[in-house]
Amino acid sequence: LLSAVLFAAVPFERTCDFAPVTCGARQRASERTRLYAEFQIKYGLYHNYLWRRTDRPLFFDRSLRPADNRFTYETPASYLVNVREARRMGLDGFNLITLKSRFKEFVAFDRWSREAGVTDFANLFTVGYGENSQKSASAELFGMTIEAALKDPLAPRLRGKPLIATYNYRMYTPDEHRAFIAGLEERFGKDSFILCGDLSGALLSRLRRSYDANGRLSSADVAELEAAIREVLDVVGGLQLSVPQYYREIDGAYPRRSDFRLFDAYIAPALERVFALPQYRDKALGFYVRQGYVNYKNGDHDDEACTATLRNELRRVARLNPDYLLFFEWNEVDENTMFQPTVTGGSTVGRILRYHSRVLNGLKPDPYPGDDVTVPPLALTSRSTVKLGEELHFEILNVPDGTFAEEMKVRLSVVGRDGRPVADFPEETVAADRFGAVDYKVSTAGLRGGDVLVPTLTVNGRRFEGFVPVRVEPTVSWNYKTIRQSLRDL
């Protein structure tokens, strides 16, 4: 039998991050920052997610399927539950990658919202250019997309023109885009829509290698980066891109880690300089925002780092005062990129998004709809399983809501199956109006395989229990999904 005894308190490293979220000086092309989440049509809330999955939608409900039990990816009832939860998070809509074969269904989503009386939530059409090196975009698909956006008075617009995002924009050359746009403007009128492109992944990878090799970019590298930004903006009406690049430490943690160094030192300043030029001040700027990628089927993982990956991306996009954000993704169950409420995440991410949706638009934080504001606005995040030798993180997150004003004295306690403490964590003082987190990185070298670690939080003398325990596996780890538990969800 495996012993569950812990010989002594194990060591840990403490870090904290309460750096403010600050909007930069760039003048937006839109009156406010809009927030969208990429919606996958195939994951209706009534499908079976119990088989070989590490997470599933929190609002799973078999009664939302068609009354006649016929197969369909999505129903109005299921879709409107997603809309309800997205609105609670402060989102303005979903972004939908348009496919010719399913275009009628995408258009139907907005109709379902209107029929339900929802007028403050509209979807952003995203033209898909193809996948796996196979081009599939066409003048017909572009035309269908723009026509649908022009017909819908609630469709996202900048300066009165429909905003059209793109997916795999780089599959087509600038000249091919010019030809597309010329034909579309002949049909719909010159300068009648805003199409957004992105930067070359090959260019960004090469700049990353140059930065890694030299610790800096050369003046020629910087000039090439700025020229690439201008090239996109000279062809289309805006630019959208992802913030971090990713790396895996050869002798470190298994998941890839986010790397913001190149963005902070060179990409963000280049964007600020180019968008400040008179000819580009009216161009749109958007960002994809990710919180991680945990694909249990193929072992491909980008670290969520509790909530740090998401928080670090949001802080950086705020610096550029963006016109829109695309959260990747709303409901991709297989890849665990979900921003929708889930069993392992509850509404913790929703609270983070709502907070940032207000900060980005100059509004004061407010409570998440339905919250008991007498409960501290804290969340505890950790993994549910860890292998001996891996890092085990416990994160205490504070999401201000504008109502809870009491300074919080917070202490984490973690005990093993025998009731003995794992570590002697300090009492933390957390200001209720500061967004951020305290993180403890616990060494698992002093643990025993087969143990179960049970966390509790004490806040101003009030004890909170019921958190998911952490299983300590002796040799194998395949579930890298974090468990995010808001005190207000317990």
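Trainee: Let's start with a cysteine: what is the relative accessibility of Cys16, and what does Cys16 count as?

Mentor: Cys16 has 46% relative accessibility, so it counts as partly exposed. The cut-offs: buried is under 20% relative accessible area, exposed is over 50%, and partly exposed lies in between, with a 1.4 Å probe and protein chains only. Bear in mind that this is a predicted model, where local features need pLDDT of at least 70, side-chain atom pairs count only at pLDDT 80 or more, and totals for chains, interfaces and linings use all residues. Residues are numbered from 1 along each chain as its sequence is written, and side-chain values use heavy atoms, with hydrogens and water left out.

Trainee: How many disulfides does the structure hold?

Mentor: A disulfide is a covalent bond between the sulfur atoms of two cysteines. The cut-off here is a pair of cysteine sulfur atoms within 2.5 Å, and the structure holds 0 of them. Cys16 is in none, as its nearest cysteine sulfur, that of Cys306, is 14 Å away.

Trainee: OK, strands next. Which way do the side chains of β17 point?

Mentor: In a regular strand the side chains alternate between the two faces of the sheet. In β17, Leu378, Leu380 and Ser382 point one way, while Ala379, Thr381 and Arg383 point the other, and all are buried. With 6 of its 6 residues buried, β17 (residues 378–383) is therefore largely enclosed by the rest of the structure. By the way, helices (H or I, at least four residues) and strands (E, at least two) are DSSP runs, numbered from the N terminus.

Trainee: And in what sense do β17 and β19 pair?

Mentor: Pairing takes at least two DSSP bridges between two strands. β17 and β19 (residues 391–398) pair in the antiparallel sense over 4 bridges, with Thr381 opposite Glu395. β17 also pairs with β26 (residues 482–486), antiparallel over 5 bridges, and there Ala379 has Ser486 as its bridge partner.
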